[in-house]
Amino acid sequence: LPRLALWVWRRGAALLGPHAAAVLAPLGVDPAALPPRRPAVRRCIDWSERRPHLAGAFGAAICSRARDQRWIEPLPGSRAVKVTAAGRRAFASLGL
């Protein structure tokens, strides 16, 4: 995702980048509708794989949409999710 300039770093804070709206639109997510009470973008270290992932309102909106579309499904007894076959196709069609 970072290579698409979906977010940019300014003064230590992450902000939605110039391509965010174009990527969010096919996902059915409106950047203007992201809740203002939480940061739009945050970088977070994944607890299981110890790799960075997207957090904040932007990450939550993508996760919510992916769950609604059944592109991801939860792993039993865990916060982890797995990408479904439909999700692999959808993410590939979006260039993600």
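1. In this predicted model, Arg70 is found in the loop that runs between α2 and β5, the latter spanning 72-74. The phi angle of Arg70 is near 60 degrees, which is a positive value in a residue other than glycine. Arg70 counts as exposed, because its relative accessibility is 67% and the cut-off for that class is over 50%.

2. The largest nonpolar core comprises 16 residues. Those with the most contacts inside this core are Leu24, Leu27, Val29, Leu34, Phe58, Ile62 and Trp71. Three helices, α1 (20-27), α2 (56-68) and α3 (85-93), each supply at least two residues of the core. Of these contributions, the one from α2 is the largest share, at five residues.

3. Which residues does Ile62 touch, when residues up to four places away in sequence are not counted? The partners of Ile62 are Leu24, Leu27 and Leu54. Two of these partners, Leu24 and Leu27, are also listed with Ile62 among the residues that have the most contacts inside the core.

4. Leu96 is placed in the segment after α3. Is Leu96 exposed or partly exposed? Leu96 counts as partly exposed, because its relative accessibility is 36%, and this class lies between the limits of 20% and 50%.

5. In sequence, Leu96 and Val23 are 73 residues apart. In space, the C-alpha to C-alpha distance between Leu96 and Val23 is 9.4 Å.

Methods: Residues numbered from 1 in each chain as written. Predicted model: local features only at pLDDT ≥ 70, side-chain atom pairs only at ≥ 80, totals over all residues. Heavy atoms only, no water. Core = buried A, V, L, I, M, F, W, Y, C linked by side-chain atoms within 4.5 Å. Buried < 20%, exposed > 50% of the residue type's maximum accessible area, 1.4 Å probe, protein only. Helix = DSSP H or I, 4+ residues; strand = E, 2+ residues; numbered from the N terminus. Contact = heavy atoms within 4.5 Å.
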